[in-house]
Structure formats: C-alpha cells, structure tokens
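Me: I'd like to learn how to read a model like this one. Can we go through it feature by feature?
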Amino acid sequence: MTTSRRLADRKVERFEKNITKRGAVPETTKKGNDYPVGPIVLGFFVFVVVGSSLFQIIRTATSGGMA
C-alpha cells in the first residue's frame with residue numbers, strides 16, 4: 001500500500017468512528033442552577049435602579065411636586 005492510500009484509509013476510519021458516535025452527547029452540558037449574571041453585577045444593577053428612583057423622588061419632592 002502506498003503512503004497516500006494508508007493516510008486516506010486512516011482518515012476514513014476516523015470519519016466512520018465519528019459517525020457511530022453521533023448523538024452520544026449528553027443532553028445538557030450546563031449546570032442547572034447557574035445564573036447568567038454574577039451576584040456583584042446584579043447588586044450593582046439594583047443599586048443603580050433603586051438609587052436613581054430614590055434620587056428622582058427626592059428631587060420631585062423638593063421642587064414642589066408635579067406642577
């Protein structure tokens with residue numbers, strides 16, 4: 001057998017092994033209870049939202065309400 005034919009046969013073997021393994025991947029690879037956002041980022045977001053709303057309430061109250 002020539003070298004190129006051996007290489008071709010090896011490639012075919014690897015390809016056919018992959019074909020037989022198809023579909024044997026576990027259903028989920030992620031952890032079930034992992035959050036997409038870290039707790040520090042979530043805390044910062046809550047701080048900004050609550051802080052800005054409090055600032056708006058205080059500013060509205062000191063300027064005389066909705067006039």
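Me: What share of the residues in the protein chain is buried?
Reply: Buried means under 20% relative accessible area, exposed over 50%, and partly exposed in between (1.4 Å probe, protein chains only). Here, buried residues make up 0% of the 67 residues in the protein chain. Bear in mind that this is a predicted model: local features need pLDDT of at least 70, side-chain atom pairs count only at pLDDT 80 or more, and totals for chains, interfaces and linings use all residues. Residues are numbered from 1 along each chain as its sequence is written, and side-chain values use heavy atoms, leaving out hydrogens and water.

Me: How many helices and strands are there in the protein chain?
Reply: Helices (H or I, at least four residues) and strands (E, at least two) are DSSP runs, numbered from the N terminus. This chain has two helices and zero strands.

Me: Where does UniProt list a "transmembrane region"?
Reply: UniProt positions use the numbering used here, feature names are shortened, and annotations may be inferred rather than shown by experiment. The unreviewed entry lists residues 37-58. In the model, that stretch is 91% helix and 0% strand, with its end C-alpha atoms 30 Å apart.

Me: Which side chains meet in a salt bridge?
Reply: Side chains of opposite charge can pair when their charged atoms come close. The cut-off is a side-chain nitrogen of Lys or Arg within 4 Å of a carboxyl oxygen of Asp or Glu. The structure holds one such bridge, joining Arg-5 and Asp-9 at 3.6 Å, N to O. Both lie in helix α1 (residues 3-21), four residues apart, about one turn of the helix. Arg-5 is partly exposed at 47%, and Asp-9 is also partly exposed, at 25%.

Me: And surface patches? Which residues make the nonpolar one?
Reply: Patches take residues with over 30% relative accessible area and no salt bridge; like charges are joined within 9 Å, nonpolar side chains (Val, Leu, Ile, Met, Phe, Trp, Tyr) within 5 Å. The nonpolar patch, about 820 Å², includes Val-37, Phe-45, Leu-54 and Ile-57. Leu-54 sits in helix α2 (residues 39-62) and is partly exposed at 48%.

Me: Which residues form the positive patch?
Reply: That one is formed by Arg-6, Arg-10, Lys-11, Arg-14 and Lys-17. Lys-11 is in helix α1 and counts as exposed at 58% relative accessibility.

Conventions:
Areas by Shrake-Rupley, 256 points an atom, 1.4 Å probe, with all protein chains shown as cover. Lys, Arg positive; Asp, Glu negative; His and termini not counted. Charge placed at Lys NZ, Arg CZ, Asp CG, Glu CD.
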